[in-house]
Amino acid sequence: MSSADKSNEMLEMFRRNFAAGRLAHAYVVQGSPSGEAWAFAVSALQLLFCEGLTKPCGECRECRKVVDRNHPDIRWLEPEKKSRTFDVDKQIRPMLRDLEMTSFQGGWKAVVIIEADRLNDSHANAILKSLEEPGQRRLWLLLTAHPDQLLTTIHSRCQRIVLTHSQNYFEGTWVAPLREWLLAPPQPAGIPALAGAAYLKQILETEKAAIAKKIREETADEEIEKEVFEARVRSGEIKIRAEILRYITLWRRDVLACASGAGTDVLHFAGDEQTLRSLAKQLGIPGALASLRAVQGLSRRVDRNVPDLLSFEAALLAG
Ligand SMILES: [Zn+2]
């Protein structure tokens, strides 16, 4: 099923629940917050506020205000640029106060949290009560491309709307080269595998340079200590390395699923099904299982901080 089909299906479900008065208070919308998750939020909110005959018409004054993000009964919260997180006093508390007030038009009031995975424990503490009992005609939409990074306390209080398969959760310049590398024909263990490890290492180095550049730009107007700067680069690097490993893990899980005769619907990378199936054929179940275990073991070792090249190399040789 394509991402667009999935969005339509989810929107239809939302529409039915809305018509039947059975909407949940809060939804986690899984997908890109600048892509399908954002589009879903707009359509869902237009449904709530639309004054047209066929809702959402997308053309009435209310629908336009939704898409322009200036509807008085909707609060959009985005992480602050510098800190990449939310501010309790400047963003969260005013939003909660607003949510408690009567709506401007006597109808719904809604909150959209963009990149909800950036919410930390103190944000969660501030919002949990409202998230649990927001009152009549209140709706929370929490958009995230990384549902696994969303706090459990928040996740457990929301219904889930899944718009994309996992491969679309990955964002960044590393995704394309990594995918290319995975799609390339498998190489025998040994020297070609070492070349592969170097290639992955290079992807990581490129990302590291990009992270450093971004932090320098963000902090251009302030003094930043060398240690602080390095710590931030390091933390960005660790995050990306974990993402790369997560990608490889899901990929190898797909290969194993294919080897076990699973259908397309369970695959994370359904778009690359043909390659996955041919890899599965070559490896068989034991081979696919061994290669998945190797990358899982690697993820655990990376948590314990084994140097990058060494760990990628190990994953490749075992894969
Ligand atoms: Zn409308």
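This is a predicted model: local features need pLDDT of at least 70, side-chain atom pairs count only at pLDDT 80 or more; totals for chains, interfaces and linings use all residues.

Reply: Residues are numbered from 1 along each chain as its sequence is written.

Me: What is the order of the five strands in the open sheet?
Reply: Strands are DSSP runs of E with at least two residues, helices are runs of H or I with at least four, and both are numbered from the N terminus. Two strands pair if DSSP finds at least two bridges between them. The edge strands, S2 (74-77) and S5 (159-162), each pair on one side only. With parallel pairing, the order is S2-S3-S4-S1-S5.

Me: Which residue in S4 is the bridge partner of Val29?
Reply: Strand S1 (residues 26-30) runs parallel to strand S4 (residues 138-144), and five bridges join them. Within S4, the partner of Val29 is Leu143.

Me: Are H4 and H5 roughly parallel or roughly antiparallel to each other?
Reply: Axes are lines fitted to C-alpha atoms, for helices over the stretch in contact, and angles run from 0 to 180 degrees between N-to-C directions. Helix H4 (residues 88-100) packs against helix H5 (residues 121-132) at an angle of about 0°, with the axes 11 Å apart. Angles under 35 degrees count as roughly parallel, over 145 as roughly antiparallel, 65 to 115 as roughly perpendicular and the rest as oblique. H4 and H5 are therefore roughly parallel.
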